[in-house]
Amino acid sequence: MNQTLSVKLKETAREYEIEIGHDSLKTIGVWARRCLSKSTKKVVLISNAKVFRLYGEAVKKSFEDAGFEVLVWLMKDGERHKNFRSLETALKFFSEKKLTRTDSVVALGGGVVGDLAGFAAAIYLRGIAFLQIPTTLLSMIDSSVGGKTAVNSAFGKNLIGAFHQPKGVLIDVETLKTLPRRELTAGFCEAVKQSALSGADLFNQTARFLENYSPKFFKKHFSDEKFLSELKNLVAANIAFKAEIVAGDEQENVSRTDAKSRKILNFGHTVGHALEKVTGYKRFKHGEAVGYGILAAGEIANNIGIFGKNELKSLNDVIGLVGKLPSTDNIEIKEIIEAFEFDKKSIDKTLQWILLREIGKPEIVNNEKISTEILQKSLNKVLKSR
Ligand code: NAD
Ligand code: GLY
């Protein structure tokens with residue numbers, strides 16, 4: 001059975017739906033007709049060659065059957081292509097194909113495709129509609145929902161972008177059958193992040209799911225109805241949590257420091273981003289770096305006395321189930337600390353740590369409250385003794 005969730009944005013009173021199902025790409029055109037304006041004639045389907053080869057023709061045909069003219073633009077695969085150059089090429093394509101303000105963009109792929117396509121839709125003719133069809137676990141539970149769109153640039157990762165909410169998100173969990181193991185592990189790290197922020201229910205659901213279905217042997221379960229149902233439930237529960245946070249703080253209000261602030265979704269990201277940066281964005285998938293970041297945030301919270309030993313152990317145990325994370329050999333703790341100090345100075349802000357008081361009780365803590373000794377001790381434990 002398909003599940004439908006919605007994001008109800010409180011500030012702007014706008015709403016959009018997220019449909020979670022399996023084997024649903026072949027009827028996606030009918031769904032798109034419901035999400036888009038009646039006057040939408042053309043859609044630009046943005047993907048990359050790898051994802052398009054797997055799912056593109058089915059999606060294209062279904063849109064055509066629903067009466068849309070479909071124009072396909074494929075970007076190069078990989079984080080390094082989420083840049084100004086690809087953005088400009090996409091915009092040029094829209095313009096050459098004479099897309100109007102009633103036409104739409106459709107993103108088919110992971111977070112890289114979704115972020116770039118969403119940003120192109122946000123700025124073309126000052127904003128046109130777009131739909132998200134995420135095909136990685138990370139993009140299903142995180143990046144396709146919430147309207148953050150961006151490109152990377154010389155100023156930093158994701159610093160140039162816009163808030164632009166999609167008109168709808170359609171998730172077909174069967175696309176995860178072809179996702180490589182490391183991408184699954186990276187996605188599950190973000191699932192652990194969300195579940196630890198959300199509370200015991202989602203946290204235990206995530207742990208049980210990972211105990212039953214290790215990412216290592218994921219593919220073999222796709223013929224099992226029970227597995228598909230539990231996978232959809234897990235994805236839906238993650239999205240419900242994210243949708244609630246986004247609904248109450250759509251644009252991540254800088255002055256908010258409460259437990260429902262959108263900032264809490266950056267749990268695990270301070271150390272995660274620093275790890276990606278000091279390894280030149282080559283060693284870790286984003287989610288894998290966040291996996292280490294979650295453990296580091298857990299240690300720091302424990303070392304400043306706000307997060308108990310048993311809860312820290314549960315967090316470590318669940319991260320232990322997501323699959324192997326890349327080694328942290330030859331990474332200097334000093335370099336990591338310098339990387340977050342630099343980020344803080346470069347955009348003139350105080351570093352705020354997202355920590356946990358308990359599973360389900362996030363707390364935003366200013367960097368001044370955490371000594372360098374505690375940072376060193378915590379990072380050492382997570383990165384040097386695993
Ligand atoms: P990705 O988009 O690079 O996809 C990972 C790899 O999987 C790619 O090689 C892709 O071609 C391939 N792939 C995608 N779907 C597949 C499928 N079904 N079968 C086989 N291969 C498939 O990576 P990602 O983890 O999805 O996204 C990471 C990006 O998301 C980063 O740029 C990050 O900044 C961004 N992000 C954005 C938000 C947000 O709120 N907008 C949140 C988190 C992350
Ligand atoms: N991925 C963090 C956010 O959407 O705010």
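Visitor: Which polar side-chain atom lies 2.7 Å from an oxygen atom of ligand 2?

Guide: A polar contact is a pair of N or O atoms within 3.5 Å; within protein, one must be able to donate a hydrogen and the other to accept it, and residues adjacent in sequence count only if both atoms are side-chain atoms. Here the atom belongs to R262. The protein buries 87% of the 200 Å² that ligand 2 exposes when taken alone (Shrake-Rupley accessible area, 1.4 Å probe; for residues, only the protein chains shown count as cover). K148 has a polar side-chain atom 2.9 Å from a ligand 2 oxygen, and a side-chain N or O atom of D142 is 3.1 Å from a ligand 2 nitrogen.

This is a predicted model, where local features need pLDDT of at least 70 and side-chain atom pairs 80 or more, while totals for chains, interfaces and linings use all residues; side-chain values use heavy atoms, without hydrogens and water. Residues are numbered from 1 along each chain as its sequence is written, with chains lettered from A and ligands numbered from 1 in the order in which they are written.

Visitor: Which residues are around ligand 2?

Guide: Being near means having a heavy atom within 4 Å. The residues are D142, K148, K242, E252, R262 and L265.
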